[in-house]
Each structure stands twice: as C-alpha cells, then as structure tokens.
Amino acid sequence: MWEYVKQLEYPVRIKNPSPALAKVIISQLGGPDGEMGAASRYLSQRYAMPTAVAKGALTDIGSEELGHAEIVSAILYQLTRNLSMEEIKASGFDTYFVDHTTGIYPQAASGMPFSAATFQSTGDPIADLVEDLAAEQKARLTYDNILRLTDDPDVREPIKFLRAREIVHFQRFGEALRNLTDRLDSRNFYAFNPSFKPKK
Amino acid sequence: MSHKKQLGRNVQQTRFALIEANLYLDTHPNCQEGLAYFRKQQQLYNKAVAEYEAAYGPLRAFEQTEDSYWNWIDNPWPWETEE
C-alpha cells in the first residue's frame, strides 16, 4: 500500500506563469508517454512478474512515477496562477480553461483525456519489460521537446531532473530484463511464458 | 535561505539519495557497497526528517505529534510556493 510524504521529490518554484507552456507540459501528466501512464503501466504489470527483482523494480519505479505526476502537476499549478483573461485567450489556453478553469485534469497537449489505451500489461514479462524500456525513452524524448520549448530556468530545472530520472529507470528495466532472461532457457527465451502455466 | 527551507532541503536531498539507492538495490540486491551507501543515507535521512518534523510539523501523517489540533492538513501543500 502507499504512504504519502508531504514534500515534492524535487523542488518547483516558478516565478513567471505561462498558460502557453502549461498547454504543452500537460502531456507529461496525462499524455501518451506521461507520468500517470508510466505509474499505471508499471504498477499494473508488477502482478504478473515471476521474479522478485522485477516485482521490486516495477513497484518502486511505479511509485516514483506517482511522485513525478505530482511534480508535473505542481509545475502546471504554478504556471497557471494570476492569469488575466487576455493571457488565457492569447495563449490558446482558453480551450482547456472552458472545461477545467485552472484546475488540473490529466490530458495530453492534444486535448485527448488520459487513457489506459496508451499502455499495456500483457502478462508476459519479456513483452512488458521491453515495453517499459520504450516507455522510458518516450518519456525522455518528450522532456527533450519541452526543454526545446522554454528558456525559463525555473521550469527547466525540475524538467531536467525528471528527464534524468527516465534515463535511470531505463537502466533499471534493462537490468530487470537481464535478470529475468538469466533464469530462462538460454537456447530459447520464448519456450514458455514464465508467468503462465495452463492447468492440464 | 530560511531555516525551514534549509531543513526541508536536507530532507529532500537525503530522501532522494534513498530513492536512488532503493532502485539500484532492487536490481543489485547483493551489492555490499550499495547496501552500505543505503545504510549511511538512511541515517542521514532519519536525522534530517526528525529535525524538520520537530520544528515544522509532520511530513508524514502517521508522525503527527501536535495534540492541540490536527496540523497535518496545514498549508502550504507541496505544490504551493510559500509566499
């Protein structure tokens, strides 16, 4: 189960609101490669894992991603303080504002609401861990794109932290995959799914 | 930097060291160096969080110690800047 610590994993202190920037950064909350998706994916996949290493890694990385969703939400919250109606209209933030005011709602920058359709939990540990490697790269590149879209150092600092964490997670998933395949038949990793044995 | 901010930063930094060590040990459970690093950071974290909570209130609901009222819910919350 989960405990909550009343402190962000990394500080967020943004002096200059920007609804235009909030419009794109929201993808790291509710978008196809965002933190909510990552947390949901890893915390869902962990149940089918046959190794203690994979259960540990997916649980702990999934939990860290919940903390990252909180950081992204804090960034969005601080980017949308003290807005004038002129700023809201000029930035194009009006299409979000009309449904959500300056509340936090998990969606992609495109407006698509957060969906479990953006991830899988296949019950096959090799497929799941390989998906997780790709997921961390997709998250990393999204942060690269965000860094291309702003010069504000207050925003860049937490974004760079989150980006670095994706690279570390990628490393950990690679290790978990290797640990799993070390326990399979080296002549054929796909001889059977170690998570499923049908009743005879 | 204010005293509260300094203590808070100590907690944040030592906790991050634990998070990082935790993930590393998940995939390297027998690494003695890693375990020693975790143990050291755990001591620093426990000291930092005790110091912060004694002065500024609970960071974890179950560590709440104020008897006159339930200060767990006090502002600010982590997404708010202290103004």
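**Exercise 1.** Work out how accessible A:R140 is, then describe its salt bridge with A:D144.

*Solution.* Start with the arginine: A:R140 has a relative accessibility of 23%, so it counts as partly exposed, since that class sits between under 20% (buried) and over 50% (exposed). Keep in mind that this is a predicted model. Now put the two side chains together: they meet in a salt bridge, with N to O at 2.7 Å.

**Exercise 2.** Find out which parts of chain A the salt bridge between A:E64 and A:R165 ties together.

*Solution.* First, check the contact: the closest N and O atoms of A:E64 and A:R165 are 2.7 Å apart, and the pair forms a salt bridge. Then place each end: A:E64 belongs to helix 4 (residues 52-79) and A:R165 to helix 8 (residues 153-181), so the bridge links parts of chain A that are 101 residues apart in sequence. As for accessibility, both A:E64 and A:R165 are buried.

**Exercise 3.** Classify A:R178 and A:D182 as buried or exposed, then see which residues a salt-bridge network joins.

*Solution.* A:R178 is exposed at 55% relative accessible area, and A:D182 is exposed too, at 52%. Their side chains meet in a salt bridge of 3.4 Å, N to O. Turning to the network, salt bridges with shared partners join A:E64, A:R165 and B:E20.

Notes:
Residues are numbered from 1 along each chain as its sequence is written. Chains are lettered from A and ligands numbered from 1 in the order in which they are written. This is a predicted model: local features need pLDDT of at least 70, side-chain atom pairs count only at pLDDT 80 or more; totals for chains, interfaces and linings use all residues. Side-chain values use heavy atoms; hydrogens and water are left out. A salt bridge is a side-chain nitrogen of Lys or Arg within 4 Å of a carboxyl oxygen of Asp or Glu. Helices (H or I, at least four residues) and strands (E, at least two) are DSSP runs, numbered from the N terminus. Buried means under 20% relative accessible area, exposed over 50%, partly exposed in between (1.4 Å probe, protein chains only).
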